[in-house]
Structures are given as C-alpha cells and as structure tokens.
Amino acid sequence: MAFISATSLFGRTLSRRTGTLVSVGLLLLCVFVYGGLSQVLVSGSAGSLQQAGALQPVTKLSDITNTTTQASSTPPSAAAPTSVKVQQPAACTPSAYALPSNLSLSATPAGLKEVIEPTQTYAIHGTDGATIREQIQACAPRQHAGDSAAEYTAQTGYSMTWQYSYAQQADGSCVVTNPRIGLHVAMVLPAWSDSTASASFTSQWQTFLTNLTTHENGHVDLDRQYAREMLSDLQNFPASPCDTIQQSVNGIMQNSIARLNVANDQYDATTNHGATQGAVLPK
C-alpha cells in the first residue's frame, strides 16, 4: 500500500482593483510508498472582502457633495459668534478589523465547518450626518492599506478552505474521500452613540443600521451557499484518472471561489452596496 500526502499551501493577497482577496498557491508533495494503492491529502484556501454602506445615497464617502461641502463653503465672516459654545462629539474609535483566517481542517470530520465570528464594531459619535461621515472616514476599516480615509461603513470578509483525500480503486481510477470545507466569516459594523442626539436622528440611525446589517448578512448567506455547493461538488466528484484528479478537483474549487466573488460583486451592484435596501446614512 502506498500513502502520498500532498498539501496545497495558499497565501492571500488584496487586489487593489476590486478589494477581492485572491489565492496564490504553492504545492508541496511528500511521498511515502509502501505498496500498491495510494491515498492523497489535498488542501486549498481562498478569501474575499466586501464593503458596504450607502452614504447619501451613494456608497463612497468621497462622492458626498451635499452637507459637508456646503458647510466647508461657508465664508469665514458667517461663522458662529465666539460666545456660542458648540459641543464637539467624542472622538471615534479606529477599527481593528481583522480578516478571517483560514480554518484548520486536519482534525475536522468530513463535511462543512462554519465559523461566523461575532460582529466587530468601531465606535462613532455625532448628532448629524456630516459629523458621522467624517468619523466613518476616520475610523472605519480602510479598503486598502495606506488609504488616508475609509470609503465604506461596513465590511464582511470570508476565508474558504477545502481539504480532501483521494484513493486509488481496484480498476486504477481514483475517487475523492473525506471531503471537508471550512468557511470563516467576519463582519464589522459601525456602533453609534450620542446622548445629545434628537429622537428623530436616533430613529433614523437605527433604521440605517438594521438595513445595513441586512445587507451584510446577504453576503454571509452567499458565502454559506457556495460553501455548501463546494462540499456537494467534492462529495459527488466522479471517479477519475489518478494523475489528473487533483488538478480537476482544484479547478472546480477555484472556479467556485471565482463565481462566489462575482456573486458578491453583483449583489453589491444590484443593491448599490445596501442603498436599495434602505442602508442610507441619516442627514
């Protein structure tokens, strides 16, 4: 009997064009031969990041030209008298959002392993939309490392890991065994509070946050849907030549990841990053 252990080690990088995490793989093989049949263990991973949050009503803060721009265009002579005290909102708390890591599947039974992290938040304050936008720009997660300001109010990221073995049958073909899929999801949302805000503004914020959460959960639903489909693909993969089965299976897995990323992008495009679902910041 022969035992062959093969593991695909994947790194993750951030595409500056789309903000999508793509996989870069390196295949390492360790071969131990004891006889006639063989079993091979294969692993792989990929991940992605989605941004959301409709901002008056577009999604990028840099596109906002209403309240903030009007305020900045006010002549100095029209400024409030120095005798009027204006209470400044508390400083926001920068987000320490971490993208979800690859799940270890080595000790996991065959099937789907899901880890949906508790929602992370970053604190913002203010009693009007312009102030909140400024705080989001300062403290929401950046789309790219080095960005001077954030563009989106929320982010949801996933990491998908797959692992399977394949074994040689008596007829010389190979079949997939012990398929495993790991899905790790993490979300970050704004957490607003200000005791001096009006009841109307507080109500508008709660409506916005509820609708924003609905939008982000739509991304989570897509991630879970494709994780189940990938597991089904592994479970139902037909017997194949042993010298091509790994390439064929991994091709299907990578294709599923590509389709999932397209589905998430299309979801954002269709909903305008949540705007059509009511995730529009109050004015």
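This short talk walks through a hairpin, a salt bridge, a helix residue and a nonpolar core.

First, the ground rules. This is a predicted model, where local features need pLDDT of at least 70, side-chain atom pairs count only at pLDDT 80 or more, and totals for chains, interfaces and linings use all residues. Residues are numbered from 1 along each chain as its sequence is written, and side-chain values use heavy atoms, with hydrogens and water left out.

Let's start with the strands. Helices (H or I, at least four residues) and strands (E, at least two) are DSSP runs, numbered from the N terminus. Take strand β6, residues 154–168. Is β6 mostly covered or mostly uncovered? Mostly covered: 14 of its 15 residues are buried. Buried means under 20% relative accessible area, exposed means over 50%, and partly exposed lies in between, with a 1.4 Å probe and protein chains only.

Now its partner. β6 pairs with strand β7, residues 173–192, in the antiparallel sense, over 13 bridges. Two strands pair if DSSP finds at least two bridges between them. Look across from Q155 and you find V188 in β7. The hairpin of β6 and β7 has 4 residues between the strands. There, G172 takes a positive phi near 95 degrees.

Next, charge. A salt bridge is a side-chain nitrogen of Lys or Arg within 4 Å of a carboxyl oxygen of Asp or Glu. How many salt bridges does this rule give? The count comes to 1. The side chains of E114 and R224 form it, at 3.0 Å from N to O. E114 lies in strand β4 (residues 111–116) and R224 in helix α3 (residues 199–235), so the pair ties together parts that are 110 residues apart in sequence. E114 is partly exposed, at 28% relative accessibility. R224 is partly exposed too, at 31%.

Stay on helix α3, because N211 is there and N211 is buried, with a relative accessible area of 18%. Which residues does N211 contact, leaving aside neighbours within four places in sequence? Q277, G278 and A279. Contact means heavy atoms within 4.5 Å. The C-alpha atoms of N211 and V280 are separated by 8.4 Å, and these residues are 69 apart along the chain.

Last, the core. A nonpolar core is a set of buried Ala, Val, Leu, Ile, Met, Phe, Trp, Tyr and Cys residues joined through side-chain atoms within 4.5 Å. The largest one has 47 residues. I124, I132, M160, I181 and V249 touch the most other members. Elements giving two or more residues include β6, β7 and α4 (245–271). Helix α3 gives the largest share, 11 residues.
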